[in-house]
Amino acid sequence: MITLKTKEQIEQMAQAGKILAACHREIAKRIRPGVTTREIDQFVEQFLEKHGATPEQKGYQGYRYATCASVNDVVCHGFPSKQPLAAGDIVTIDMVVNKEGWLADSAWSYAVGKISRQARKLLQTTKESLYVGIEQAVAGNRLGDISHAIQVYAESRGYGVVREFTGHGIGQVMHEDPYVPHYGSPGKGIRLKAGMVITIEPMLTTGSYDVRVDDDGWTARTMDGSLAAQYEHTVAITDEGPVILTEQ
Ligand code: MF3
Ligand code: CO
C-alpha cells in the first residue's frame, strides 16, 4: 500500500533528512586511509544521539549496526569493520535516521585518499544517475520514467545497474510501497502523485550487475569482483516538483 504524506509529515521527514545530510558531511571529513568503518559507525551513533535522532537500521531484521559500510566490490549492506580503509578504496556509507518517528534514508560513496580514474568516474556517474532519476520524480510521471532514466544514463556510459536491490517508499516505516527499480521502461508502473515519498538509490558497477550475498546473509558483492558505488536520497514528490529531503 502506498501512503501519501501531508506537508507537515514531509516537513518532519525533512528534519530527519537534515540531520542525515549533516552527518554525511561530517563523515566526509573523517574518511581517510587508516580509519575503520567501525569508527565511522560509532561516530554516526554519537552524532545522531546528539541531534535527538536514532539509527533505524540498528536492530532492523537483526542488523547490528547504525550504518552499512560497503567497500570496493561490496554493493550494499556491508558490515562496519575493524579493517582500516586504505588509500584507493571506495566506500559507501548508508543509513536511515529516525527523528521523532519519521525517517530519512541516504547513502553516499566516498573516495579514500587518492583513487583510480576508473573509481572516480564510477562515483561521479553513479551520483549523476541519481540526479537524473530525481528529475523524473514528478507528479504525473510513472515510476518507470525514473527507472528508465537511470538505466539509460548508466548503461550508455558502460556501467552495470544492479537489479536485486531497489529504492522504496519510506515514511514511519523504512520500506514501504512502491519499490523503485533502477532499470525499466518509460511510461510503465504506477503513476507518481504529490505526497509520495520514495528513495532513489542506484547501485552501479564497473562490470556486470550480478550480485551474490556472503554467508553472513547481508554483504552483497558483485559476482565478477568489479567495483560498485551507490548514492541515495529520500525524495518527496510535490506539486512544486521533486524535493530532496536528505540534502541541506
Ligand atoms: N538503508 C538501506 C536501504 O536503502 C537499508 C539497509 S538494510 C539494513 O534500504 F538492515 F541495514 F537496514
Ligand atoms: Co533505501
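This talk walks through the metal site, the aromatic pairs, the nonpolar cores and one proline of the structure above. Keep in mind that the model is predicted.

Let's start with the metal. Ligand 2 is a cobalt ion, and four residues coordinate it: D105 through OD, H168 through NE2, and E201 and E232 through OE. The distances run from 2.1 to 2.2 Å. How many donor atoms does the cobalt ion have? There are 6. The angles among them span 47 to 157 degrees, and the site is irregular. For reference, six octahedral donors would ideally give 90 or 180 degrees.

Now the sequence view of that site. The donors of the cobalt ion are spaced D-x62-H-x32-E-x30-E along the chain. Take H168 and E201. H168 is in strand β7, residues 167–169, while E201 is in the loop between β9 and β10. They are 33 residues apart, so this pair links distant parts of the chain.

Next, the aromatics. The structure holds 6 aromatic pairs. One of them is Y63 with W218. Their ring centres are 4.9 Å apart and the planes meet at 70 degrees, so the pair is edge-to-face. Where do the two residues sit? Y63 is in the loop between β1 and β2, and W218 is in the loop between β11 and β12. The pair therefore ties together parts 155 residues apart in sequence. Y63 counts as buried at 3% relative accessibility. W218 counts as buried as well, at 19%, given a cut-off of under 20%.

A further pair is Y65 with F79. This one is tilted: 5.7 Å centre to centre, 45 degrees between the planes. Y65 is in the loop between β1 and β2, F79 is in the loop between β3 and β4, and 14 residues separate them. Y65 is buried, with a relative accessible area of 10%. F79 counts as partly exposed, at 24%.

The charged end of R157 sits over the ring of Y153, 3.6 Å from its centre. R163 lies over the face of Y183, at 4.4 Å from the ring centre.

On to the cores. In soluble globular proteins, nonpolar side chains tend to be buried together. Here, the largest nonpolar core has 26 residues. Which members touch the most others? I90, L122, I146 and I200 do. The elements giving two or more residues to this core are α3, α4, β9 and β14. Helix α3 supplies the largest share, 5 residues. Look at I146 in particular. Beyond its neighbours within four places in sequence, I146 is in contact with G133, Q136, A137, V180, L192, I198 and I200. There is also a second, separate core of 24 residues, with I93, V97, A104 and V112 among them.

Last stop: P80. This proline is in the loop between β3 and β4. P80 is buried, with a relative accessible area of 1%. What does P80 contact, leaving aside its neighbours within four places in sequence? The residues are T37, R38, D41, Y63, Y65, T67 and A69. Finally, I40 is 40 residues from P80 along the chain, and their C-alpha atoms are separated by 7.9 Å.

Conventions: Residues are numbered from 1 along each chain as its sequence is written. Chains are lettered from A and ligands numbered from 1 in the order in which they are written. This is a predicted model: local features need pLDDT of at least 70, side-chain atom pairs count only at pLDDT 80 or more; totals for chains, interfaces and linings use all residues. Side-chain values use heavy atoms; hydrogens and water are left out. Donors are N, O and S atoms within 2.8 Å of the metal (3.2 Å for Na, K and Ca); water is not among the atoms, so sites may look incomplete. Four donors count as tetrahedral if all angles lie between 85 and 135 degrees; four count as square planar and six as octahedral if opposite donors are over 155 degrees apart and all others between 65 and 115; anything else is irregular. Helices (H or I, at least four residues) and strands (E, at least two) are DSSP runs, numbered from the N terminus. Rings of Phe, Tyr and Trp (its six-membered ring) pair if their centres lie within 6.5 Å; planes under 30 degrees apart count as stacked, over 60 as edge-to-face and the rest as tilted. Buried means under 20% relative accessible area, exposed over 50%, partly exposed in between (1.4 Å probe, protein chains only). A charge sits over a ring if NZ of Lys or CZ of Arg is within 6 Å of the ring centre and within 35 degrees of the ring normal. A nonpolar core is a set of buried Ala, Val, Leu, Ile, Met, Phe, Trp, Tyr and Cys residues joined through side-chain atoms within 4.5 Å. Contact means heavy atoms within 4.5 Å.
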